[in-house]
Amino acid sequence: MIIKLAKEGIPPSAIGVRLRDEYGIPLAKPIIGKSVMQLLRENKLAPAIPEDLQNMLDSARRVQSHLNSFKADRKNVRSLELIEAKIYRLSKYYKKIGVLPQDFKYSAVVAQLS
């Protein structure tokens, strides 16, 4: 079931929500003995970039597109700085544990906006 959902392109967190809501399985780990991500990694279906980091990258992209239209929006410039700081911290962690390749680099856009 999990592998089928992953092949459809559903992210791991949405697979957990779907198992909970549609199938009444509150946690997959006690049933299959491993987490959803471990199962996806074994079957080579895990996303290349972890889902939480991908969500932050998408959030930064949305704020950047907003700032391209509204250049005087200083509150969102600060928001973008905070998001990029989180991206740096999280990518550093994922590089350390080996989830991301060591050459992964996020280029800051805040410096280009000022």
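Tutor: Buried means under 20% relative accessible area, exposed over 50%, and partly exposed in between (1.4 Å probe, protein chains only). This is a predicted model: local features need pLDDT of at least 70, side-chain atom pairs count only at pLDDT 80 or more, and totals for chains, interfaces and linings use all residues. Residues are numbered from 1 along each chain as its sequence is written, and side-chain values use heavy atoms, without hydrogens and water.

Student: How many aromatic pairs does the structure hold?
Tutor: It holds 2. Rings of Phe, Tyr and Trp (its six-membered ring) pair if their centres lie within 6.5 Å; planes under 30 degrees apart are stacked, over 60 edge-to-face, the rest tilted.

Student: Why is the pair of Tyr88 and Tyr106 edge-to-face?
Tutor: Because their planes are at 70°, with the centres 6.0 Å apart. The pair links distant parts of the chain, 18 residues apart: Tyr88 is in helix H6, Tyr106 in the loop between H6 and H7. Helices are DSSP runs (H or I, at least four residues), numbered from the N terminus.

Student: Is Tyr106 buried or exposed?
Tutor: Buried, because its relative accessibility is 13%. Tyr88 is partly exposed at 36%.

Student: And which type is the pair of Tyr93 and Tyr94?
Tutor: Tilted, with 5.3 Å centre to centre and 55° between the planes. Tyr94 is buried at 11% relative accessible area, whereas Tyr93 is partly exposed at 43%.

Student: New topic. Where is Val99 found?
Tutor: In the loop between helix H6 (74-97) and helix H7 (110-113). Val99 is partly exposed, with a relative accessible area of 31%.

Conventions. Helices (H or I, at least four residues) and strands (E, at least two) are DSSP runs, numbered from the N terminus.
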